[in-house]
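Student: I have a model open and want to check the labels against their cut-offs. Can we go through them?

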Amino acid sequence: MSHETPSARRAGRPRSAAADRAILDAARAAIAEAGWAGVTLGDVAARAGVAKTTLYRRWPGKNELVLDALADLFDSLRLPDHGSLARDVEGVVLQFAALLREPRTRGALMAVVAESTHDAALRERLRGAIVDRQKHLVLQGRERARARGELPVEADAAAADRNADMIFDVIAGSVLHRLLVSAEPVTAAWATTFATLLTRGLAALTDPGPGPDPGGADPSGQ
């Protein structure tokens, strides 16, 4: 995610993909080791082997740099196509868990989340850089499931959006809690059970239910 305008890029020297990668790697290492308060752009520049001005040409401050470093990791998540919604959910859950098992990813995420609890601006950036960007996985999975006939098309667009938000929260929250709070592993068996619970609940949530009785009978039987 770049913070430079196209004209600014053309006026300056070309971006170096290798330098960007080194900087993002260094930022993740720095925050995992030193915590939010201990990270400085000077330290990141030294770790990456670049001048501090190189960082400032790309990122205006620590917030943007660290969040880009995290977002870069989460952008690697992909929704597999295993032929069913449950198996697709299993696949993305296992990917997410594997990402969180990496010490630098886990340490950087926990440091940013902790800092965001008393920094509203950082919290909004965190939501935009990671949460909102990763919701495409939920939307993609839902569209596939609809195409397969596993889920109906929801007539109420607003309700469908709320359901998508809830699905994301349930998946991300469950995996985070399992690994970081309960300190239990996310195994293939756990992912299968979780996906079964989620998809059955989702099917019930989006089921429009029986239509009105054309005879106008009282549903109580009276």
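Tutor: Start with the elements: helices (H or I, at least four residues) and strands (E, at least two) are DSSP runs, numbered from the N terminus. Here the elements run α-α-α-α-α-α-α-α-α-α-α. That comes to eleven helices and zero strands. This is a predicted model: local features need pLDDT of at least 70, side-chain atom pairs 80 or more, while totals for chains, interfaces and linings use all residues. Residues are numbered from 1 along each chain, and side-chain values use heavy atoms, without hydrogens and water.

Student: What makes the Trp190 and Phe194 pair stacked?

Tutor: Rings of Phe, Tyr and Trp (its six-membered ring) pair if their centres lie within 6.5 Å; planes under 30 degrees apart are stacked, over 60 edge-to-face, the rest tilted. The structure holds two aromatic pairs. In this one, Trp190 and Phe194 lie 5.3 Å centre to centre, with 5° between the planes, hence stacked. They are four residues apart in α11 (residues 188–206), so about one helical turn separates them.

Student: Why is Phe194 called buried?

Tutor: Buried means under 20% relative accessible area, exposed over 50%, partly exposed in between (1.4 Å probe, protein chains only). Phe194 has 10%, so Phe194 is buried. Of the chain's 222 residues, 40% count as buried.

Student: How do you know that α7 has its expected span?

Tutor: The expected span is 1.5 Å times one less than the number of residues. Helix α7 (residues 103–116) has 14 residues and reaches 20 Å from first C-alpha to last, close to the 20 Å expected.
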